[in-house]
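Here is a short tour of the aromatic pairs and the nonpolar core in this model. Keep the structure open beside you as you read.

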Amino acid sequence: MKISVKIMCCTALCLALTFCMSGCIPTVFTKWFINEKVTPTSCTESTTPAEFPSESLTEAAETPGTTAYETENFEQFAGKYAFSSGVGAWGNTLTLNPDGSFEGKYHDSDMALEDETGEPYGIVYECEYTGAFSSPEKLDEYSYRAEITEFSRKGNVGDEYTEYIGSTRLVHRISHCYGLEEEGKTAQEVIFYTEGTPTSMLSEDALSWLHLESDASSLPFSVIYCPDFSTAFVSIN
């Protein structure tokens, strides 16, 4: 008798485990212990798919703030910038818009010239240009990187026209855009530095264009640095 009970219990346990996996245990297992004969039925009648959270695996795996770069806009950098020697004669003024587009004008002049007849004249080198930057990528707490995705000038390099101011002949000649171009090559990228950036983060080439006090430890303005040509524009808002 004891052996039969043990066999029945073992059999019941096996059936319970089997039906548990299929979702059929409530009916079959109960009828077994009330000594009713059971005819196995299809498990599809009593199974209900389990419900799980709707969040996808991709969403669950993503953790905010873990990307290498953060994309920002240009609002904090928008405004006018200047690139110059600090002593006049030539300069490049750039206006950056909140959407990343920009426009500007480069100028230089050489007024102490004489033509073949000995008559004095002067040349004004100039370049009116427009362009756009890609969305800036945050490098660290103070700096951002962006590519120059568009760049064009008004007219062609070398084109010129002449005007007279009194009896003085003045030649206007389209040139390259010094600061963003050199020998026909346009810069590929720029680095934006925010106001307050420690000066120790900038290269000596960049600092040489900023005209800072010798003891300055941080930037009092924003800077657009062009690593391709080691040139730098400072905000003049």
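## A tyrosine in a loop

Tyr 178 has a relative accessible area of 28%, which makes this residue partly exposed (buried means under 20% relative accessible area, exposed over 50% and partly exposed in between, with a 1.4 Å probe and protein chains only). A word on the source: this is a predicted model, where local features need pLDDT of at least 70 and side-chain atom pairs count only at pLDDT 80 or more, while totals for chains, interfaces and linings use all residues. Residues are numbered from 1 along each chain as its sequence is written, and side-chain values use heavy atoms, with hydrogens and water left out.

## Phe 83 and its two partners

Searching the whole structure turns up 15 aromatic pairs (rings of Phe, Tyr and Trp, the last by its six-membered ring, pair if their centres lie within 6.5 Å; planes under 30 degrees apart are stacked, over 60 edge-to-face and the rest tilted). In one of them, the ring centres of Phe 83 and Tyr 178 are 5.2 Å apart with planes at 65 degrees, so this pair is edge-to-face. Phe 83 belongs to strand E1 (residues 79-84) and Tyr 178 to the loop between strand E8 (168-174) and strand E9 (181-182), so the pair ties together parts 95 residues apart in sequence (strands are DSSP runs of E, at least two residues, numbered from the N terminus).

Phe 83 is buried, at 0% relative accessibility. Phe 83 also pairs with Phe 233: their ring centres are 5.4 Å apart and their planes at 40 degrees, so this pair is tilted. Phe 233 sits in strand E13 (residues 231-235), so its pairing with Phe 83 in E1 ties together parts 150 residues apart in sequence. Phe 233 is buried too, with a relative accessible area of 1%.

## The nonpolar core

What has the most contacts inside the largest nonpolar core? This core has 36 residues, and those with the most contacts inside it are Leu 94, Leu 96, Phe 133, Phe 192 and Val 223 (a nonpolar core is a set of buried Ala, Val, Leu, Ile, Met, Phe, Trp, Tyr and Cys residues joined through side-chain atoms within 4.5 Å). Elements giving two or more residues to this core include E1, strand E2 (91-96) and E13.

Terms used
Helices (H or I, at least four residues) and strands (E, at least two) are DSSP runs, numbered from the N terminus.
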